[in-house]
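This briefing is intended for a reader who wishes to examine the assembly alongside its coordinates.

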Amino acid sequence: MERLHSPAELEAFRKAVLADRAPDQPCITLCAGSACHACGCNDVAEAVRVELAKQGLADRVHLRLTGCHGFCERGPILVIQPESVCYFQLTAADVPEIIEKTVKAGERVERLLYVDPDSGDPLAREDEIPFYKHQQRIVFGSNGSIDPKSIEDYVAIGGYSALAKALSEMTPEQVLDEVKRANLRGRGGGGFPAGIKWEGTRNAPDPVKYVVVNADEGDPGAYMDRSLLEGNPHAVLEGLILGAYAVGAHEGYVYVRQEYPLAVENVTLAIQKAEELGLLGDDILGSGFSFRVKVHRGAGAFVCGESTALMTALEGRVGEPRPKYIRSNVRGLWNRPTVLNNVETWANVPLIIQNGADWFTRIGTETSSGTKIFSIVGKITNTGLVEVPMGMPLRDIVYKIGGGIPGGKRLKAVQTGGPSGGCLPEHMLDLPVGFDELTQAGSMMGSGGMIVMDEDTCMVDVARYFIEFLTDESCGKCVPCREGLRQMLAVLTRICRGEGRDGDLEILEDLSVVAKEAALCGLGKSAPNPFLSTLRYFRDEYEAHIRENRCPALSCKDLIAFHIDPDRCRACGRCRRKCPAEAISGAKNVIHQIDQDLCTKCGTCLEVCPDRFGAVRKISGEPVPPPLPEDQRTVRARG
Amino acid sequence: MDIARVDQIIDRYGADESYLIQVLLDIQTENNWLPQEALERVAERLRVPLSRILHIATFYKAFSTVPKGRHRIHVCMGTACHVRGAQRVLDAVQEATGIKPGETDLELKFSLETVNCLGCCALGPVMEIDGKTYGKMTPAETAEALRNHD
Ligand SMILES: Cc1cc2nc3c(=O)[nH]c(=O)nc-3n(C[C@H](O)[C@H](O)[C@H](O)COP(=O)(O)O)c2cc1C
Ligand code: SF4
Ligand code: SF4
Ligand code: FES
């Protein structure tokens, strides 16, 4: 690739790329995000290549492997341009028919289309499908149309033009000012305004400054940062370069967890390509501005997502947080002024520079501008990544986009903000989703994980789960977090085992206050949130565990038992054959029974017992009925 | 592990202490664990005390200072998988292999680890065996998947 020396040369390069591609030439895009990989998109890709070659279309139809399209529930996903016909849940065997019918003849393969759950009609185009229709995908939208390994693809959709504009028409102060006016708040946790953070770094007297991408994404159940970095690494890079220009940094880092190998690979390649084109390195686009980026892999420690710990880890040391008497934007990496922002925060920057702060503040709410990407996961029909304008009611996200709760179950709560956040109950679903609204409700925006829970989820267990996670992840540097969380975990575990005592809830509340007040970093300070919010909204579940040894959600293993209803058992033997613990006795025409001492409560018997019999029951808070005497166990004898 | 290979990895980055974690990650990826001789070599070349390297090797989850089994099982315990029954999957794995998370069996056949989100939440509960993802697992399917490894 030729190095580009000016914005005009970038524009010429873009034109050349576009001229090379006929706009109406068919293009098959195939989602190759991590979830689709797991469902076999590689086999589908191979089948497409083979079939295109076989039908002599290899040089007339382009196959493009893209990043995550977001609709992970339905992978592998294939979209055929220019008509945007999309097919879901494909296998390699479907490919010949798709090429034959859709690519060659312009017809649709009905059985592979999305079927509207309400009307039963097949929907062919992305913009007709409810999951996509209610979204506003300004940051995530390009993911589905570009190959993350191709800088040409990014340039073709207008990539790096914000950088060209900033370097040629704007001073660093103007770039900073635009981000400040846009009121871009951090997408990685607390929602601190990026512009104000940048300004502190810009104004710091030290001439050596750094910019850092936080791609540690330790939040379980959230994967938007991964998808962006995997699917559109140049957008993140472009934002980072703009930030570096605004604050006067000449070196930057992408801190990305090693558990995301594809993200590491794609961002490393993106840096190399951008350097070759002269969009990174010395004298970027002939502007005199120089900037370099390195990738640093994190080695697996949740606390390293915290800003001060991350910087310590970047220095090659054990990543423990330090007190923030002086903010990192004034004294951060190697004690130099450092701007650290989340992946999604950086990816918003080119859009703001390109379209202006006014455009950006028109999206979202007064105090939360722009969009936010959420991962809606758990007990929800359409699992995946969605991008919506801030302020959208939680209910619309869960029902209009997420398609509601599967299996005819009732929604119980939505957990937002990860281990620092909290659970919002059903009656709060009309809450508009914004930074301040969520905090007021006792939860948090966090990184944007939304875990949907139905009636089968035990809220005490959820609180226990998060405290266990954080106890494990606490770096152990300060006592309130190290010892306090351990005590909280012990009490919550007891409650889940049915060994709760009067006064337990008060102990938990006391420990929560101390951790919130006295812990050193955000991990310890916010750790009690999941407990406090579940206690606030689901106190009755705690009380049922403590007072009645009962788990209302029938979830806590020590408080439940499986029982076969003798009146319903038809002795089909299915549960006996599948029980991994060999805990079930019975035979042909002999009613089946569970030996409670052998049963490991895996739940397989309940799952495999045919619906029309429905003989296996899960019970809690009541004694298990005694086994039948042998002479009453024959199905026929009982009539 | 071959010391010449350790040197090659260090040379890829430069013998600077800020690359310590990157070097250890590469050794771990290639060798599956961090042998004492390799760590001593890293300490010598990057001029970092061995005690600090050991502290790092135990603090970060990616590292192991003991050998691992032939097959590496990762069960996702992330929130999305948790609410969809990850504990049952983990129980089934423990039942089938006889080991707990963090352990390796005596025959060095399986190592079991829990992770907090593999980024495939839509497929939860998820587990990985040797990097291959198995989605929507039930206890019965889990035992089945493990039987296919020896
Ligand atoms: C324990 C802990 C873990 C965190 N993990 C992450 C993370 O994985 N990714 C992230 O962007 N921010 C994480 N944060 C928030 C960061 O400390 C920091 O506020 C954020 O990266 C700043 O970027 P933003 O302003 O663009 O959101 C974490 C904070 C704490 C206390
Ligand atoms: S609050 Fe917890 S994680 Fe944070 S510094 Fe203290 S011990 Fe470490
Ligand atoms: S719950 Fe599992 S172990 Fe218990 S009887 Fe049913 S299948 Fe067997
Ligand atoms: S929570 Fe298991 S893959 Fe995300």
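The points below are grouped by topic.

The structure is a predicted model, in which local features need pLDDT of at least 70, side-chain atom pairs count only at pLDDT 80 or more, and totals for chains, interfaces and linings use all residues. Residues are numbered from 1 along each chain as its sequence is written, chains are lettered from A and ligands numbered from 1 in the order in which they are written, and side-chain values use heavy atoms, with hydrogens and water left out.

**Chain A overall**

- Chain A contains 25 helices and 19 strands, where helices (H or I, at least four residues) and strands (E, at least two) are DSSP runs numbered from the N terminus.
- The C-alpha trace of chain A spans about 90 × 65 × 40 Å along its principal axes.

**Interface of chain A and chain B**

- In chain A, 54 residues are in contact (heavy atoms within 4.5 Å) with 40 residues of chain B.
- About 3,700 Å² is buried between the two chains, and carbon and sulfur atoms give 55% of this area; buried area is the accessible area (1.4 Å probe) that two parts lose on being put together, summed over both.
- The rule finds 24 residue pairs in polar contact across the interface, both residues being at pLDDT 80 or more. A polar contact is a pair of N or O atoms within 3.5 Å; within protein, one must be able to donate a hydrogen and the other to accept it, and residues adjacent in sequence count only if both atoms are side-chain atoms.
- Elements of chain A that each supply at least two residues to the side touching chain B include α2 (34-38), β9 (292-298) and α18 (459-473).
- With seven residues, α18(A) gives the most to that side.
- The residues on the side of chain A that touches chain B divide into 25 nonpolar, 14 polar and 15 charged; Ala, Val, Leu, Ile, Met, Phe, Trp, Tyr, Cys and Pro count as nonpolar, Asp, Glu, Lys and Arg as charged, and the others, Gly among them, as polar.

**Salt bridges**

- Over all chains, the search finds 52 salt bridges, each a side-chain nitrogen of Lys or Arg within 4 Å of a carboxyl oxygen of Asp or Glu.
- Asp153(A) pairs with Arg21(A) in a salt bridge whose closest N and O atoms are 2.7 Å apart. This pair links distant parts of the chain, 132 residues apart, with Asp153(A) in helix α6 and Arg21(A) in the loop between α1 and β1.
- Five salt bridges are found across the interface of chain A and chain B.
- Lys136(B) forms a salt bridge with Glu73(A), at 3.4 Å between the closest N and O atoms.

**Ligand shells**

- Ligand 2 has 13 residues around it, of which Ser474(A), Cys475(A), Cys478(A), Cys481(A) and Cys521(A) come nearest; a residue is near a molecule if one of its heavy atoms lies within 4 Å of it.
- The shell of ligand 2 divides into nine nonpolar, three polar and one charged.
- The residues around ligand 3 include Cys579(A), Cys599(A), Cys602(A) and Cys605(A).

**Backbone features**

- Most residues other than glycine have a negative phi, and most peptide bonds are trans.
- The Gly75(A) to Pro76(A) peptide bond is cis, with omega near -10°.
- The Gly124(B) to Pro125(B) peptide bond is cis, with omega near -5°.
- Leu108(B) has a positive phi of about 55°.
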